[in-house]
Amino acid sequence: MSPLTITIRDAPTGPILEITGDLDYETAQDLRQAIDRLILARGQLLVLDLAGLQFCDSSGISLLLAARNLAVEAGADTALAAVPANTARILGIVGLDQVFACYPDTQAATTAHPPTTVIADTTPRGTGSRADKVER
């Protein structure tokens with residue numbers, strides 16, 4: 001059993017979570033806490049780098065979905081990078097390969113999603129417009 005390590009780093013597109021080791025029922029709480037601490041802005045990309053993931057059970061899959069749900073609520077996107085073959089197989093079996101954008105590495109994921117700039121909306125309040133706009 002490999003201990004779970006989660007490293008969070010920033011990229012121009014948004015946060016990257018590097019997840020290494022075994023992601024299972026016993027270690028899932030660590031990832032849950034890291035996800036709960038994330039602050040995402042509209043238009044950002046949350047990349048979950050799984051290059052060092054050695055094992056992932058259903059608890060881990062649930063947390064990948066929790067990360068995606070957090071991103072959706074914030075108006076951000078999610079991508080998986082360097083998904084190991086055994087985890088990719090599970091994602092395919094349950095249909096989550098159709099839910100997550102998957103890339104061979106973090107560079108490919110961040111390149112596919114250009115950085116965003118949030119600009120203020122100058123439209124007066126109460127006109128039914130959004131409070132923020134995103135330029136890509």
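1. About 7,500 Å² of the protein is accessible surface, and carbon and sulfur atoms hold 50% of that area. Accessible areas follow the Shrake-Rupley method with a 1.4 Å probe, and for residues only the protein chains shown count as cover.

2. The model is predicted: local features need pLDDT of at least 70 and side-chain atom pairs count only at pLDDT 80 or more, whereas totals for chains, interfaces and linings use all residues. Residues are numbered from 1 along each chain as its sequence is written, and side-chain values use heavy atoms, with hydrogens and water left out.

3. The mean pLDDT (the predictor's confidence in each residue, from 0 to 100) of the protein is 87, and 85% of its residues reach 70 or more. Over residues 118–136, pLDDT stays under 50. Where pLDDT is low, the predicted coordinates should not be read in detail.

4. The protein has 4 helices and 8 strands, in the order β-β-α-β-β-α-β-α-β-α-β-β from the N terminus. These are DSSP runs, numbered from the N terminus: helices are H or I with at least four residues, strands E with at least two.

5. Of the 136 residues, 40% count as buried, that is, under 20% relative accessible area (1.4 Å probe, protein chains only). Among contacts (heavy atoms within 4.5 Å) with a separation of 6 or more, 63% join residues 24 or more positions apart.

6. I90 lies in helix α3, residues 85–93. I90 counts as partly exposed because its relative accessibility is 30%, partly exposed being the range between buried and exposed, the latter over 50%.
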